Amino acid sequence: MENRKLRNSELDRKSTQEFKSAEKTPVIVILDNIRSINNIGSVFRTADAFLIEKIWLCGITAAPPHKDIHKTALGATDTVDWEYTEDALELVKGLQQQNIKVFSVEQTEKAIFLNN
């Protein structure tokens, strides 16, 4: 059985207005010093799919409007709330002061695999 890939118009995505008024998943994503513009767009697209509350872009991470982010994000830069701030550490401290739990994902020698 062969499966046909759906066109964007067939995905039954929420309109920008519907997305903005929909109940969000209480997750905030912080992208700090992300070099790959395609990865940034992919995070926007994923955040749109999971109704993520907000994306913070920090440091050298590129921000919309950017043609390559837009190309990968497939319109999610218009739906997902996002903001830019230079200093991710200050942002994290501020979120923690609001009693928001912060978890980080990074590839380091002592990292714990996500499935653990």
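Helices (H or I, at least four residues) and strands (E, at least two) are DSSP runs, numbered from the N terminus. The model shown is predicted: local features need pLDDT of at least 70, side-chain atom pairs count only at pLDDT 80 or more, and totals for chains, interfaces and linings use all residues. Residues are numbered from 1 along each chain as its sequence is written, and side-chain values use heavy atoms, with hydrogens and water left out.

**View 1. The open sheet of three strands in the order β1-β2-β3.** The pairing is parallel, where two strands pair if DSSP finds at least two bridges between them. β1 (25-32) and β3 (82-85) are the edge strands, each pairing on one side only. From one strand to the next the twist averages 20°. Six bridges join β1 to β2 (residues 52-58) in the parallel sense. I28 has K54 in β2 as its bridge partner.

**View 2. Helices α2 and α5 against the strands.** Helix α2 (residues 37-49) lies across β1, β2 and β3 and runs at about 165° to β2. Helix α5 (residues 88-97) packs on the sheet and touches β1, β2 and β3, its direction making about 160° with that of β1. Contact means heavy atoms within 4.5 Å; axes are lines fitted to C-alpha atoms, for helices over the stretch in contact, and angles run from 0 to 180 degrees between N-to-C directions.

**View 3. The largest pocket, with about 1,200 Å³ of space.** On a 1 Å grid over the protein atoms alone, a pocket is an open set of points where a 1.4 Å probe fits, with protein on both sides within 12 Å along at least five of seven lines; lining residues have an atom within 4 Å of a point. Grid points are joined across faces, edges and corners, and the volume is the space filled by probe spheres set on the points. The lining of the largest pocket has 26 residues, of which I30, F103, S104, V105 and E106 are the closest to its centre. β1 gives the most to this lining, with seven residues. By class the lining has 19 nonpolar, three polar and four charged residues (Ala, Val, Leu, Ile, Met, Phe, Trp, Tyr, Cys and Pro count as nonpolar, Asp, Glu, Lys and Arg as charged, and the others, Gly among them, as polar).

**View 4. Backbone at P65 and L74.** The peptide bond from P64 to P65 is cis, with omega near -5°; P65 lies in the loop between β2 and α3 (67-73). L74, in the loop between α3 and α4 (76-79), is a residue other than glycine with a positive phi, near 55°.
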